Structures are given as C-alpha cells and as structure tokens.
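Subject: Handing over the model

Hi there,

Here is the structure I promised to pass on. Please have a look at it first, and then read my notes below.

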Amino acid sequence: MRKLLPLALLGLSAFAQVDVPFWHAMDGPAGRLIAAFAQEFNARQDRYRVLPRYQGTYEEAETKLVAALRAGSGPVLFQAELSFFPRLVAEGQALPLEAYLDLDPGFVADLFAPAWNYGVVGGRRFGLPFNTSTPVLFYNLDVFRAKGLEAPRDWRAFERTALALTSRAAKGFIFVTDPQAWLFEAMVTSRGGSLVQDDRPNFTSREAVAALEMLYRLKEAGALSVRSMAEATFAQLDFVRTKGMMVMASIANWPAAENFSFAFALGVAPVPREEGGKVPMGGAQLVVLKGASEAQVRGAVAFWQYLMEPENVARWVEASYYVPVRKSALPLLEGFYRENPFRKVAFEQVAHAQERPRLPQFSAWARVLAEALERSLKGGVPPRKALEEAQRKAEAMR
C-alpha cells in the first residue's frame, strides 16, 4: 500500500487559511498603516488572512454595512463608530466575544478604562477598542500671542476670547454641526450635563440650552462661522486661511489638517470645561459580525491582539494622532510628544473622558439634534425652541 506523505512535507498547510474581511473608515496615513498591519500579521502566521478594505467615512461605511447585512453578506470585522456600535449590538449583528478572549489580567489593567469599558453592553463584551479620540480646541497660536490671549479653560473665557478674536476679516470660532452632534455633546458634558437621562433624550437640559445659547450669541455678534459636516473641508480652509481663529474637532483631524499649508503656528488646547465637567470619547470599537465562523472570530481576535502590541499602538498614534489605548505604549511615544507637546493634549484629557451613551437609538436622536443646531444657528430659530423641537422628535422615535 502506498504511504501518504505528511501535508507539511508536501508544502501544504494542515489547515486551510481563513479569510477575515475587515471593513474600516480610515484613509490617509492611518488607512495605509492598517494595510501594513494586515500585511505584517498575515506574514507572521499562516492560519488567518486579514483583508482590510476602506469603505469611506464612518457614515458611508455604516450605510454600506446595513445594505450588505440585508443582502446576507458583509465583512467579518467592522470598525463601528461609537454611536453606531450599540445599534449593531441591539440588532443582534455583533457577536459576543468573551469565549474567545483569554486575556492576562495585567494586559487588561494596561488598557485605558474608558476605551475598554465601552465595548461592554448588558454585561457582555461585543467591542474591542482600537481608535480612541477626544475633541480638542485648535487655535491660531500666532494671533493669540499677538493679542496677549491664552487658550480658554472654561466657557465664559471661551466666549470672551471668541469675541476678542473677531474682526471684519475673521470669525472668532468655527463650529461644525456633525451628524452625531459629538462636538455639541462635548459642550454639554464639559458643563456637567448629558444628552441622555434615564435612557431618554435630554436635549432641553440647562447645560444643553446654555451651550446653544452661547453659540447663538456668538452668531448674533458676528463671531461665529457655522459649517455642516458636508462643509467640513470648507471649515478647515476657513481656519487655515485665517478666516476663523478657533475650531473644535477630533484630535484625529490633525493629520488631515497637515495636508494644508499653515501660515501660522498651530495651537491645541483641551475643550473648555467647568468644574466636574467631562468630555465624550470618540472613535470606534472593532466588532465581529454575525455569520462569522468560529475560525474567523478567532482570527479577528488574534488580529486585534496584534494591533494592541505596545509597539503597534505607538505606531498607530504617530500615524493617526489618536489616543494610545495602552499605558505601556506611552514610553514609546515620549519622543513623538516631546517633538510637539500639543500632541499630548488629547491624551491628557482622557482623565476627564467618559463613554458616549450606549443606546441603540442614540445615533438617530443625535441626528435630530444636529438638524436642530443647524436650524438655530443657520436658520435663526431661537435655541430653546430648536432644542424643544428636537426633544419632541427624538421622544417620538422611542
């Protein structure tokens, strides 16, 4: 009888390689690094093959994913923006991952708690931290120095500063009404408020009204430029061309801003904050979607563990400016932060960071709120009236 040779001697693997399609929303240096991470991970083992694919912005990626899931297709691994993540869990599209995670307690302790904790919904882990950010205040450092101004630490100082920076040629502040109202949420939570209370919309709270009334006053005084997310590029151009002196954005917007030629020194400061105020975390969690085989789930988890190696966390921060999610990566980032101390602002703000509401309907509520902000700041609807209308609409969606 002919003796069969072992598969290894024939140059074949004993296991068929498992493909792990990965949809993400990172372009530029961050997107290129994700491709490099996948290549490196694939090269160092032969069990799994991660296949990253850029799907556009968070919103575009979400739209594509919803369509794919309806068609019974889609990736194994998905980068879910924080407000979209709870919806995937609630609809049963995200798989629980506890059975696939055998993590050393020291590793878990090394993760920054807000990013790690956000992945748990209803006592079960559905998300794995990857890109974590906080909003920051970008400002024209040259003009601040020329006028003898300092970065505002609270909202009263911010309003005074925005007015002081305003001239016939420039607005003091550029405000972007993003679809998830994240930047406005920061203005509310930093006052000690919340957009959700007792699992209900909380758009007419004292803090929310105060935040929108402040923006409205600045608009009426000619100190505010308002842009929608569709006009985000124009907001960047306004800032770069010194038509606006301050703008709030994610720290992760910094690399994209560097594509423009700055004629001034860039300053970066924490979000103005009242005593006890917080800033909402931004970014995304990695989720494994329903329909993945057990081998694909294990491959996705193994890839995430590779991403979490301290050296890779440091590389990710240097390419994307996101906040490092592991404490052990900090020594590797000393040179990066020393080169420009402003780069550390978002990380230092993590001490005051909190998770966004983990409700599946919050994403839809936030869109209603974003529309109300535009009606008020672009259409002249009084702040309280705009927020009351948004509250009613969000309540009706429950």
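What follows is a short tour of what turned up.

First, the ground rules. This is a predicted model, in which local features need pLDDT of at least 70 and side-chain atom pairs count only at pLDDT 80 or more, while totals for chains, interfaces and linings use all residues. Residues are numbered from 1 along each chain as its sequence is written, and side-chain values use heavy atoms, with hydrogens and water left out.

Let me start with the cores. A nonpolar core here is a set of buried Ala, Val, Leu, Ile, Met, Phe, Trp, Tyr and Cys residues joined through side-chain atoms within 4.5 Å. Buried means under 20% relative accessible area, exposed over 50%, and partly exposed in between, using a 1.4 Å probe and protein chains only. The largest such core has 81 residues, and Phe-173, Phe-175, Phe-184, Met-187 and Leu-215 have the most contacts inside it. A second, separate core holds 39 residues, including Val-18, Ala-292, Trp-304 and Leu-307. Contact means heavy atoms within 4.5 Å. Not counting residues up to four places away in sequence, the partners of Phe-175 include Leu-183, Phe-184, Met-187, Leu-215, Leu-373 and Leu-377.

Next, a helix pair. Helices (H or I, at least four residues) and strands (E, at least two) are DSSP runs numbered from the N terminus. Axes are lines fitted to C-alpha atoms, for helices over the stretch in contact, and angles run from 0 to 180 degrees between N-to-C directions. Helix 1 (residues 28–44) packs on helix 13 (residues 310–320) at about 155°, with the axes 8 Å apart. The two helices are therefore roughly antiparallel, a label for angles over 145 degrees. On the helix 1 side, the contact is made by Pro-29, Ala-30, Leu-33, Ile-34, Phe-37 and Glu-40, and helix 13 brings Asn-312, Arg-315, Trp-316, Ala-319 and Ser-320.

Helix 10 (232–240) is another element to look at. Its buried residues are Ala-235, Leu-237, Asp-238, Phe-239 and Val-240. They pack against strand 7 (135–140), strand 8, strand 11 (224–228), strand 12 and strand 13. Just after helix 10, Thr-242 takes a positive phi of about 60°. Most residues other than glycine have a negative phi.

Pro-272 lies in the loop between strand 13 (266–270) and strand 14 (279–280), with a relative accessible area of 1%. Leaving aside neighbours within four places in sequence, Pro-272 is in contact with Pro-152, Arg-153, Asp-154, Trp-155, Phe-158 and Ser-190. Its C-alpha is 11 Å from that of Val-188, 84 residues away along the chain. Ala-353, in strand 16 (residues 353–354), counts as buried at 12%. With neighbours within four places set aside, Ala-353 touches Pro-114, Thr-134 and Val-279.

Enjoy exploring!

Best wishes

Note on methods:
Angles under 35 degrees count as roughly parallel, over 145 as roughly antiparallel, 65 to 115 as roughly perpendicular and the rest as oblique.
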